[in-house]
Amino acid sequence: MPRMAPSGERTDATPPTFRHFIAGEWADSTSGGTFESRNPADLSDVIGRFQGGTAADVARAVRAADVAGGLWRRTPAPKRGEILYAFGALLAQHKERLARAMTREMGKVLAESRGDVQEGIDIAFLMAGEGRRMFGDTTPSELPDKWAMSVRVPIGIAGIVTPWNFPIAIPCWKMMPALVTGNTVVFKPSSDTPHCATLLVELMAEAGFPPGTVNLVTGSGADVGDAIVDNPDVPVVSFTGNTETGRRIAERTARRLKRLSMELGGKNGIVVLADADLDLAVDGILWSAFGTTGQRCTACSRVIADRPVLEPLLERLERRTRALRLGDGLDPATDVGPLVNIPAREKVEGHVEVGRRDAELVTGGRLPATASLGRGVFYEPTIFAGVAPMDRLAQEEIFGPVLSVIAVDGYQEAAIALNQTRYGLSSSIYTRDANTAFRAMRDFETGIVYVNAGTIGAETHLPFGGVKATGNGHREAGHAALDTFTEWKSIYVDFSGRLQRAQIDNQPA
Ligand code: NAD
């Protein structure tokens, strides 16, 4: 018997076909077209076919979100929070299944996929609690017998456009605050991870989000993403992705005066000073540079090394990097999985060619020789030394397992080099000197700073986001996430029974 899934169907001969989720129903695209998602560790493994969405599909989803919004925004926030709790519990129950599906679809090793799902669980529970907080202010009025307060109100329909590298965590980081504050959502995942998105939305439906509050439309950025961004009934868009995509979205949303929250590219650096614990630094650098095959927004792609420790640091990095095992992320022996797709590997290869001209290749810089890895999109973890701060290698986001080492003399030069990038997401310093650590916390121009830890490992109850070309001033996670999805409404209640004029009647005539 063919296995039937709520979102898709399969015969034994063909991969399953999955559908959009609109108004609480699994629905085909009006285009009739579909696209495939494949396992990057073995490109012959087809995970499924997904709907190639259209502007008409988006319009249906927006209508459903609009209808659902009337009731949802009037549902008491603690009740909305209860559904988020139920969803968090379901995610926890299905964590292993989702993590395995994630590794199969985008390649990261299983332990990291579990961490990705855990971020979803954490934000679901954190935001569920916001259902009972969501604090505004009550404040004294300048006039007698008058009450003054401010409350958060939902904006309406939130367009959620997400990348593939955190296919559960990032959609949850956006949808949980959007929903608990009373918005409804139209969600467009990356076309590299539509299966993760489908599994996520299945659980949201099971948790009890009413039909139409959560709508999923799969498809390309040009067809589905643009239609969400341009739809006049979607007043707020939350986007994570490439800086250039973000710039285009910002131009479109600006023309319509929409609210837009963006989390974009990074070029994160780790400073290693002469007094650092080198073994600790090497552990942090390897985890930050080659975890998720270098495809984290917070991945470390620049090491800024104080010259007295440059040689021992390079020696240890080279030795440890050569020992990393490439393979399918589902294999417990694997340290580094594949890149997400062939264009991603071609991009890495292009940058490595530039590096060969401008810098000194320490290790990697090629496809792995192991025959079985030929089925997937693998690339050897790569290190370049002798990189100057303004070289292309040190300036452009590669989004792959490529690390550049820049030599400097002392803290001052290191801080200048660290800040010499258009991006500003995450940074780190390894030093044993507390005063220097505090100078770095002050001086590093990034939204996140780590001391004696790598550039990755954000926790969901703190604000997450970057400065400069990494974003546009919003933050995800923490209380700050509520700001993206709510308007402030200031309310005055005059119980004096007479006309009282603010700014006039409290002044001497
Ligand atoms: P991407 O910009 O190619 O795609 C992101 C999403 O935008 C996808 O769903 C895509 O289909 C959609 N899209 C593409 N064109 C669009 C358009 N014209 N209109 C609307 N939507 C469109 O990014 P990606 O390759 O999926 O992700 C990698 C990038 O994401 C990297 O640059 C990485 O640094 C960044 N990222 C940033 C953070 C952060 O928090 N700062 C987190 C994760 C990833």
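Let's start with helix α3, which has 12 residues and reaches 16 Å from its first C-alpha to its last, close to the 16 Å expected at 1.5 Å a residue. That expected span is 1.5 Å times one less than the number of residues in the helix. When I say helix, I mean a DSSP run of H or I with at least four residues, and a strand is a run of E with at least two, all numbered from the N terminus.

Two quick notes on where this comes from. This is a predicted model, so local features need pLDDT of at least 70 and side-chain atom pairs count only at pLDDT 80 or more, while totals for chains, interfaces and linings use all residues. Residues are numbered from 1 along each chain as its sequence is written, and side-chain values use heavy atoms, with hydrogens and water left out.

Back to α3. Which of its residues are buried? They are Leu-98, Ala-99, Ala-101, Met-102, Thr-103, Glu-105 and Met-106. Buried means under 20% relative accessible area, exposed means over 50%, and partly exposed is in between, using a 1.4 Å probe and protein chains only. The cover over those α3 residues includes β5 (34-39), β6 (42-51), α2, α4 and α6 (194-207). Just after the helix, Gly-107 takes a positive phi of about 100°.

Now let's see how α3 meets α4. The axes of α3 (residues 95-106) and α4 come within 8 Å and cross at roughly 125°. Here an axis is a line fitted to C-alpha atoms, for helices over the stretch in contact, and angles run from 0 to 180 degrees between N-to-C directions. The two helices are therefore oblique to each other. For the naming, angles under 35 degrees count as roughly parallel, over 145 as roughly antiparallel, 65 to 115 as roughly perpendicular and the rest as oblique. The crossing of α3 and α4 is right-handed. Right-handed is when the near helix is turned clockwise from the far one by less than a right angle, and left-handed is when the turn is anticlockwise.

On the α3 side, the contact includes Lys-95, Glu-96 and Arg-100, and on the α4 side it includes Arg-114, Asp-116 and Gln-118. Contact means heavy atoms within 4.5 Å. By class, this contact has 6 nonpolar, 3 polar and 5 charged residues. Ala, Val, Leu, Ile, Met, Phe, Trp, Tyr, Cys and Pro count as nonpolar, Asp, Glu, Lys and Arg as charged, and the others, Gly among them, as polar.

Helix α4 has another partner to look at. The axes of α2 (residues 77-93) and α4 (residues 110-130) come within 8 Å and cross at roughly 160°. That is why α2 and α4 are roughly antiparallel to each other. Their crossing is left-handed. Among the residues in this contact are Gly-81, Leu-84 and Phe-87 of α2, along with Gly-120, Ala-124 and Phe-125 of α4.

Let's zoom in on one residue of α4, Ile-123. Ile-123 is buried, with a relative accessible area of 0%. Not counting residues up to four places away in sequence, Ile-123 touches Cys-172, Trp-173, Met-176, Thr-460 and Ala-477. The C-alpha atoms of Ile-123 and Gly-478 are separated by 8.5 Å, although the two residues are 355 apart along the chain.

Some of those names take us to α5. Helix α5 (residues 169-180) has 12 residues and reaches 16 Å, close to the 16 Å expected. Is it enclosed or open? 12 of its 12 residues are buried, so α5 is largely enclosed by the rest of the structure. The buried residues include Cys-172, Trp-173, Lys-174 and Met-176. Just after α5, Gly-182 takes a positive phi of about 100°.

Most residues other than glycine have a negative phi. Asp-145 has a positive phi near 50°, and it sits in the loop between β7 (137-140) and β8 (146-154). Thr-293 also has a positive phi, about 55°, in the loop between α9 (278-290) and β15 (300-306). Buried or exposed, what about these two? Asp-145 is partly exposed, with a relative accessible area of 38%, whereas Thr-293 is buried, at 2%.
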